[in-house]
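Student: I would like a close look at a single part of this structure, the helix that contributes to the ligand shell. Could you walk me through that part and its surroundings?

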Amino acid sequence: MSPDDSALRLVSAGNPAEAGDHADTGDHAERFRWFAPGTHITIRGLTKTFGDTVLYEDFDLDLPRGKVVSIFGPNGCGKSTLINMISGIMDYDAGTILFDGKTARETKIGYVFQNYREAGFPWLRAIDNIRYPLKFLRLTKAEQDARIEKLLASFNVSIDLNRYPYELSGGQQQLVSIMRALVIDPEVLFLDEPFSALDYEMTLFLRDKLQAVLTEMQVTSLLVSHDLDEAVELADEVLLLTRKPTSVAARIPFDAPRPRNAETTVTPEFIDVKTRSLEIFQREVRKP
Ligand SMILES: Nc1ncnc2c1ncn2[C@@H]1O[C@H](COP(=O)(O)OP(=O)(O)OP(=O)(O)O)[C@@H](O)[C@H]1O
């Protein structure tokens with residue numbers, strides 16, 4: 001990455017490498033001073049190994065503000081590991097990840113897990129599950145209620161939030177998980193295969209709801225999905241990863257107007273992005 005590249009510009013916030021949880025003196029500190037316009041998340045020199053397996057080595061990435069980036073790649077290439085490291089759930093061996101110069105700990109982060117059954121507190125009613133993260137924002141009860149009211153209005157769904165998770169369907173539980181992730185008004189939202197454990201009807205319903213709310217909130221979002229149609233339909237950009245050691249195979253923008261729906265998936269733009277993504281994916285999968 002060269003400072004002469006006109007697509008990059010100087011970071012104004014001091015020396016961000018010193019602010020990171022993983023600050024080091026490597027040359028990525030200098031690379032940190034340059035990033036693409038519109039960047040929210042900067043990743044430099046990220047390295048992660050599991051035993052003898054090098055998953056990421058000196059990995060750099062800029063992620064845009066207020067956009068949905070879908071991460072797609074071969075099985076086991078490290079999609080979940082990547083979003084877990086970025087979100088601060090998982091440690092890494094070297095490198096720096098910053099959100100506007102802040103660490104993950106200094107950033108409001110929402111996370112929606114694939115396994116909604118293990119994500120919620122079973123002893124709390126749905127409404128108290130949604131309310132739970134607000135306790136850490138030091139809001140008054142009235143402010144908390146206002147947040148929840150606004151969110152419910154955005155989703156415009158009628159489920160009985162006084163029920164316990166076990167009394168709700170899988171889709172309703174995942175809806176509660178999504179609302180819990182969004183109620184803090186996160187700066188960044190992570191979604192790891194959020195619909196893969198749901199039936200198709202519920203998947204389509206939740207996908208539409210999520211898309212509408214993300215469009216309204218303009219929150220920087222990273223989505224891992226194994227469903228290429230879903231990955232493209234929700235994305236402003238598809239980030240394709242290689243097999244491990246993992247690097248970026250391609251970044252394909254998709255700027256079809258929102259809301260997107262079944263009609264979007266038959267447009268030439270959608271088919272083009274999907275075809276190009278599939279070609280790159282298959283090329284990676286076939287590599288020896
Ligand atoms: N805690 C761990 N200990 C050891 N190896 C791990 C651990 N977590 C992940 N791995 C390995 O790292 C690699 C990447 O895993 P990860 O789940 O991030 O990939 P993925 O691209 O999300 O996978 P999939 O497409 O199957 O969902 C895999 O080979 C996996 O076995």
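Before we zoom in, what percentage of the contacts in the chain with a separation of 6 or more comes from residues 24 or more positions apart?

Tutor: Happy to. This is a predicted model, and residues 24 or more positions apart account for 73% of the contacts in the chain with a separation of 6 or more. The chain has 10 helices and 11 strands, and 35% of its 288 residues are buried. As for confidence, the average pLDDT is 87, with 89% of the residues scoring at least 70, and the model scores ipTM 0.97 and pTM 0.88. One stretch calls for care: over residues 1-25 pLDDT stays under 50. Where pLDDT is low, the predicted coordinates should not be read in detail. For orientation, an unreviewed UniProt entry lists residues 41-268 as "domain: ABC transporter". That span is 32% helix and 25% strand, and its end C-alpha atoms lie 31 Å apart.

Now to your helix. Around the ligand we find F50, L55, G73, N75, G76, C77, G78, K79, S80 and T81. Helix 3, residues 79-87, supplies the largest share of the shell, with three residues.

Helix 3 also has an inward-looking story to tell. Its residues K79, L82, I83, M85 and I86 are buried. These five lie on the same side of helix 3, because they cover an arc of only 160° around the axis.

Just after helix 3, G88 takes a positive phi of about 90°.

Take strand 5 first: G66 is found in the loop between strand 4 (53-64) and strand 5. With 14 other C-beta atoms within 10 Å, G66 is partly exposed. Leaving aside neighbours within four places in sequence, G66 is in contact with Q218, V219 and T220. G66 and Q218 are 152 residues apart in sequence, yet their C-alpha atoms are 4.7 Å apart in space.

In strand 4, D58 has a positive phi near 55°. D58 counts as partly exposed, with 16 C-beta neighbours inside 10 Å. E193, in the loop between strand 8 and helix 8 (200-217), has a positive phi near 45°. E193 is likewise partly exposed, with 18 other C-beta atoms within 10 Å.

Finally, follow strand 10 onward. P245 lies in the loop between strand 10 and strand 11 (248-253), and the peptide bond from K244 to P245 is cis, with omega near -5°. Another cis peptide bond runs from R258 to P259, with omega near 5°; P259 sits in the loop between strand 11 and helix 10 (268-286).

Technical notes: Residues numbered from 1 in each chain as written. Predicted model: local features only at pLDDT ≥ 70, side-chain atom pairs only at ≥ 80, totals over all residues. Near = placed C-beta within 6 Å. Helix = DSSP H or I, 4+ residues; strand = E, 2+ residues; numbered from the N terminus. Buried ≥ 20, exposed ≤ 12 C-beta atoms within 10 Å, placed from the backbone. Contact = placed C-beta atoms within 7 Å. pLDDT = per-residue confidence, 0-100. UniProt positions renumbered as here; feature names shortened; annotations may be inferred. Arc of directions from axis to C-beta.
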